[in-house]
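Subject: Structure handover

Hello,

Here is the structure I promised to pass on. Please open it beside this note and follow along.

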Amino acid sequence: MAGGFAVDAKVAGGRREFKGKITWYVWLCGLVAATSGLMFGYDVGISGGVTSMDDFLLSFFPAVYARKHRARENNYCKFDDQRLQLFTSSLYLAALAASFVASILCTRFGRKRTMQAASAFFLVGTGLCAGATNLAMLIVGRICLGVGVGFGNQAAPLFLSEIAPAHIRGALNILFQLDVTIGILIANIVNYFTSNIHPAGWRYSLGGAGVPAAVLFLGSLVITETPTSLVERGRRDAGRATLEKIRGTADVDDEFDEIKSACEIAAALREEERPFKRLRRRESRPPLVIAIAMQVFQQFTGINAIMFYAPVLFQTMGFKSDGSLLSAVVTGGVNVLSTLVSIVLVDKIGRRKLLLEACVQMLIAQSAVGGIMWVHVRANNNPSQGWAVAIVVLICVYVSSFAWSWGPLGWLIPSETFPLETRTAGFSFAVSSNMLFTFLIAQAFLSMMCYMRAFIFFFFAIWIVLMAAFVVALLPETKGVPIDEMVDRVWRRHWFWRRCFADADADAAKIDSYC
Ligand code: BGC
């Protein structure tokens, strides 16, 4: 690939570090952009609690309300209702479509403007949901929120990876996921309190989503655009000035040269072929396959079965309404704390080790939960308190390992591995795959639990084995590699993926021999 040749000469001789400090401004920009994650996380966390609130069910899903309160209803099936699941999942379908539009917006108007648009959609969606008087209003509100999530999830991780110095790129990018987990936790806490406010508690829960959206909107007025995006859109001087500001030094020649050359190559390649078409080439396959696989696997860890439906799941296990929300708060807290572990470790021990360790831990926890539920949670009885507590502990063990691995790295790795010419287009496949599979899990989980019962946990356990094999064989380590050097330093050196470059290299050799 052409991008590779330009960089090759510069990196010959080994590793290269760019100059510059880690400035307070880079952290400020990172913190503001990560607020996108807060919007996303709040949504993930709020739906489960709201859909288990009686006032909400009575207003919009009376049939589910009646079934929930029928004493002899099957434990595993009482929340199985396609329309109820559509309330949760409609957001993700909208986000899926929005992520492709967001890819174009990110390239044409920049990452920052796309985040601003995200916050505006989010504010409108929040108003519609909190004020909903019928199901249609509720669903339209969820769709606006979905567009906000699609835009935000596309722009924020890219923004973070582009402003970060290479040696802390993992940590800075994981601020996004940290905010996702804080959003989920806040949502669980809000639900815990609003579930006792009748009849409008659910309105407060849904209305709370406006807070992170407002923070992102206001915050985005003070942050910068990424140097890469500025140069990419022809604003070289502004790009250079921004780079100096975020690195805290005027000595940024090397890094700026690299950004310029990546932008020149990207512009030439885009002229020759549109980014989405370019993604069909063999050389684009490695980051594309990895981006999609990371997100599909992330969802098949089963995390959202727990994040969306924790209160419902805990009620299935026999906890009372309050107890189940409280347990969801506990798992939410574990999620946040464990993400901090990832921030500390990701640039030290690398991505692969975190992912593999987590596979082992998740496999053990999922299988144990499945086993306990199989033996102790039958259709019409509840487990003893001891077993119920054991399940909550195991779910915490599971959540913690997800939180320092597949959670953050599902976003980090796709945002750092595409060359600039296909970065926004490629990353939109990561976002849309995440949304598609989040949608499928949100839409199907309650029905799957109804039919598969405890085996649902073994189903996810099998996926965990597959994803471990995938990491061992196909996922290269990207720790510390500058973002615009991935092709040469990662893909071309990988035992399997390097074959994707054979054609491009042969073409280049042919051209060389003609000249
Ligand atoms: C995932 C979400 C999930 C969250 C849990 C994110 O990385 O994309 O689907 O709900 O992590 O913390």
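Below is what turned up among the charged and aromatic side chains.

Please keep in mind that this is a predicted model.

**Salt bridges**

The structure holds 21 salt bridges.

Start with Glu 162 and Arg 111. Their side chains form a salt bridge, at 2.7 Å from N to O. Glu 162 sits in helix α7 (residues 135-163) and Arg 111 in helix α6 (residues 111-130).

Next, go to Arg 270. A salt bridge joins Arg 270 to Glu 232, with 2.7 Å between the closest N and O atoms. Arg 270 and Glu 232 are both buried.

Then turn to Asp 484. Its salt-bridge partner is Arg 423, and the closest N and O atoms are 2.7 Å apart. Asp 484 lies in the loop between α22 (455-474) and α23 (486-489), while Arg 423 lies in helix α21 (residues 420-452), so the pair ties together parts 61 residues apart in sequence. Asp 484 counts as buried because its relative accessibility is 13%. Arg 423 is at 0% and also counts as buried.

**Aromatic rings**

There are 26 aromatic pairs. In one, the ring centres of Trp 24 and Tyr 25 are 5.7 Å apart and the planes stand at 75 degrees, so the pair is edge-to-face. Trp 24 is exposed, at 64% relative accessibility. Tyr 25 is buried, at 7%.

Phe 300 and Phe 437 also pair edge-to-face, with 5.6 Å between centres and 65 degrees between planes. Phe 300 is in helix α15 (residues 285-300) and Phe 437 in helix α21, so they tie together parts 137 residues apart in sequence. Phe 300 is buried at 12% relative accessibility, and Phe 437 is buried at 18%. Both belong to a cluster linked by ring pairs, whose members include Trp 406, Phe 459 and Trp 463.

**Charges over rings**

Lys 245 lies over the face of Tyr 25, 4.2 Å from the ring centre. The charged end of Arg 142 sits over the ring of Phe 87, at 4.6 Å from its centre.

Best wishes

Notes. Residues numbered from 1 in each chain as written. Predicted model: local features only at pLDDT ≥ 70, side-chain atom pairs only at ≥ 80, totals over all residues. Heavy atoms only, no water. Salt bridge = Lys/Arg side-chain N within 4 Å of Asp/Glu carboxyl O. Helix = DSSP H or I, 4+ residues; strand = E, 2+ residues; numbered from the N terminus. Buried < 20%, exposed > 50% of the residue type's maximum accessible area, 1.4 Å probe, protein only. Phe/Tyr/Trp six-rings, centres within 6.5 Å; stacked < 30°, edge-to-face > 60°. Lys NZ or Arg CZ within 6 Å of the ring centre and 35° of its normal.
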